[in-house]
Amino acid sequence: MFADASSFVQSVNSTFIFIVSVCVFFLALITTMMIIFVFKYNRKKNKKAVNIHGSVPLEITWTVIPTILVIIMFYFGWEGYTLMVNAPANSMVIKVTAQMWSWKFEYPNGVKTDTLYVPINKPVKVLLHSQDVDHSFYVPAFKFKKDVIPNRNNTAWFLPEKLGKFDVFCAEYCGLRHSYMYSAVVVMKQKDFDTWLSAQEEKQKDNDTTSAVKL
Amino acid sequence: MSSNSLAVDKSGNLPSYLIDEGKRKGILAWLLSTDHKRIGIMYMIALLSFFAVGVTLGFLIRLELLTPQGTIVNPQAYNEFFTLHGVIMIFIVVVPAIPSIFGNFFLPIMLGAKDVAFPRLNLLSWYLYVVGSIMILLSIVLPGGAADTGWTFYIPYSVRTGTNMIFTLTAVFILGFSSILTGVNFLTTIHRLRAPGMGWFKMPLFAWSLYATGWIQVLATPIVGITLLLVIIERVFGVGLFDPTLGGDPILFQHMFWMYSHPAVYIIIVPAMGVISEIIPVFSRRTIFGYKFIAFSSIGIAVFGSLVWAHHMFAVGMSNNAEFVFSLLTFLVAIPSAIKVFNWTATLYKGSIELEPPMLYALAFIFLFSIGGLTGIIQGALNVDIYLTDTYFIVGHIHYVVFGGTGIGIFAALHYWLPKMFGRMYNKKVAKVAFWIIFVGFNILYFPFLILGWLGMPRRSYHYLPRFQVYHVIATVGSWILVLGLIIMFFNLLKSIRSGKVVTEKNIWGGESLEWQTQTPPITENFVDIPVVNEAPYEYKQNEEEFLEKEEVL
């Protein structure tokens, strides 16, 4: 549904698919064994049981194999995570302010919006700032989120790779209207973005002048 | 309560704990009893009543989520519903359930003891439990309304909300003390009151699981107690420990909260694993596979489980070192659970399996808990967790672990031990029908949560986007099926206590632990003569050749 909207999508998907495959294999194995044993060794057919106290080789097998598998899973998860940590130096920096219950976005030139507009294929670094309680900046299509904690000023980054409009949710429960705390990320072509940004800048200047005149 | 005399009845039995009231009569013979069995029954009555409240709240939450918004209640009511549902189900139901009902009733009997080490402390812990639980209910009706923070009480929101936070936090604090006292009591009982000859490795695995749990209760619960006390101080005096507007650190709260609340997951699940470890060999009529591995894996879970709390916080912005260590340890804590699952499955091999209701629940436990555990592994991976944390995936995961694990474990224990406790058998056919309805309803209810999570649906949401609705509708229909199954199950069990077929045989299921060697229902102080234990549990000697020959001759 969200094919590669950001540069994180592939690593999250492949780690997920790998782990799920291993999990489905083990779940199927355990369930099949249980069903086979329940039928094969049912008391109606099998009056006497055989006592088996255990088997050290088996215990070692089913300790070592899962341990190796989970360490591989851990490695994939860690490797994918390291992609998310450091924003590239050429990132566009946008300040994100969360408050009960809305999002505000501020661009380097001072433009402020309620919806996040970004150019495609350009890394964006978000400075996450909360006015009140904990929130979490969550873009499901980009397969990432980061908590927005007061006094903490977390940062995060992403690289949009697909044009379109994607949902922004608040993922950390923040009170009455938490579930209405939506916004959107609009990924545009660089040219369109530049036009939009300068138009916004003009508009904002006009507004400022108008309000200054009014004063 | 037909007779108060201690004389032996017609069948040569001594009066059971249900008849022998001791010094006091009537209701006081219950409320002031220090008999571990009577206290266990009192816990059962209180706890299952609160379970009914929790189920009702869950049912209403699902009803509300049938449509994207405004089905039956407003957002404030919804937020209070899911908070209460969490607080009641976690702190009042699943954390105390198995230790305080079945641990109280059966641990001393299984160890060959007359009672727990501190019977009066045991009664005190019941009273603390009841006071704490009633305070939670009071918080609903008092001005301000029930807490609306979610059961995690995250600061700063929990300092700002106008709801009855102090009441709720004090209640959870008191419930914590009840839990600590139970832990202290069981640890001492296991160390000091084992029957002559019962070495550590001759204990039933249920006792091992309560031993591991006891240590977590005693070591981890004080942390949440202190933390909640600090939140109360913060709210009342504005000290500024956690509140960022006063210079505090909200992340410190999260660390302290999860330092208890993650080990609490193991307080919740390990006793249920103990129940399953009892039931599987009994209904397979053979020795358990890998006794020591199962026993030590409980301890392994208790140790590793105490070192993984921050995996709830991968998205809060911790240092990379912390993310690395907590993710790695999270993956490793899966191993002892996997060992248990493999050993249980191997115990079925070459058994003589009878699918009685307790066994059905035990097998369902393995299946559902495996899904719970495996979905936990999925979230142990850092990059995947960053995507899935705080979505419906985690809600599905916790319900598979806590309900599919502990909830189903409680039902297994009820079907296994209730006939022993009351000397009456339930209708097995009805029990099996109820089981299948519960099993099907459970999966229709909770599996869509995992899909919703992967599609990006945030948790604790009153309102959702229309594209998620189809999964919510399926889940809500599942909740109706599940509740129907629960009603049939509890009706059947309650009916059995009142008018079920009377059972007097000591060994109802063919178990080999000591509770099956006492009278049904057990007498006051459990045994006429304290038993001497010579062998490990689950030996099933009749499977060996010479015993079989003897049986054939008979």
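In chain A, A:T97 stands opposite A:H129 in β5(A). The two strands concerned, β1 (residues 92–99) and β5 (residues 124–130) of chain A, pair in the parallel sense over 7 bridges; strands count as paired if DSSP finds at least two bridges between them. This is a predicted model, in which local features need pLDDT of at least 70 and side-chain atom pairs count only at pLDDT 80 or more, while totals for chains, interfaces and linings use all residues. Residues are numbered from 1 along each chain as its sequence is written, chains are lettered from A and ligands numbered from 1 in the order in which they are written, and side-chain values use heavy atoms, with hydrogens and water left out.

**Strand pairs of β1(A)**
- Strands (E, at least two residues) and helices (H or I, at least four residues) are DSSP runs, numbered from the N terminus.
- β1(A) also pairs with strand β2 (residues 102–106) of chain A, in the antiparallel sense over 5 bridges.
- A hairpin through 2 residues joins β1(A) to β2(A), and A:K95 stands opposite A:E106 in β2(A).

**The five-stranded sheet of chain A**
- An open sheet with mixed pairing is formed by 5 strands of chain A, in the order β4-β10-β9-β6-β7.
- Its edge strands, β4 (116–119) and β7 (144–148) of chain A, each pair on one side only.
- β4(A) pairs with strand β10 (residues 183–188) of chain A in the parallel sense over 4 bridges, and the bridge partner of A:P119 in β10(A) is A:M188.

**Interface of chains A and B**
- In contact (heavy atoms within 4.5 Å) are 76 residues of chain A and 95 residues of chain B.
- The area buried between the chains is about 7,600 Å², of which carbon and sulfur atoms give 66%; buried area is the accessible area (1.4 Å probe) that two parts lose on being put together, summed over both.
- A:R43, A:F74 and A:Y173 supply 10% of the area that chain A buries against chain B, more than any other three residues.
- Between the two chains there are 3 salt bridges, each a side-chain nitrogen of Lys or Arg within 4 Å of a carboxyl oxygen of Asp or Glu.
- A:R152 forms a salt bridge with B:D249, with the closest N and O atoms 3.7 Å apart.

**Confidence in chain B**
- Chain B has a mean pLDDT of 92, and 96% of its residues reach 70 or more; pLDDT is the predictor's confidence in each residue, from 0 to 100.
- Over residues 1–5 of chain B, pLDDT stays under 50.
- Where pLDDT is low, the predicted coordinates should not be read in detail.
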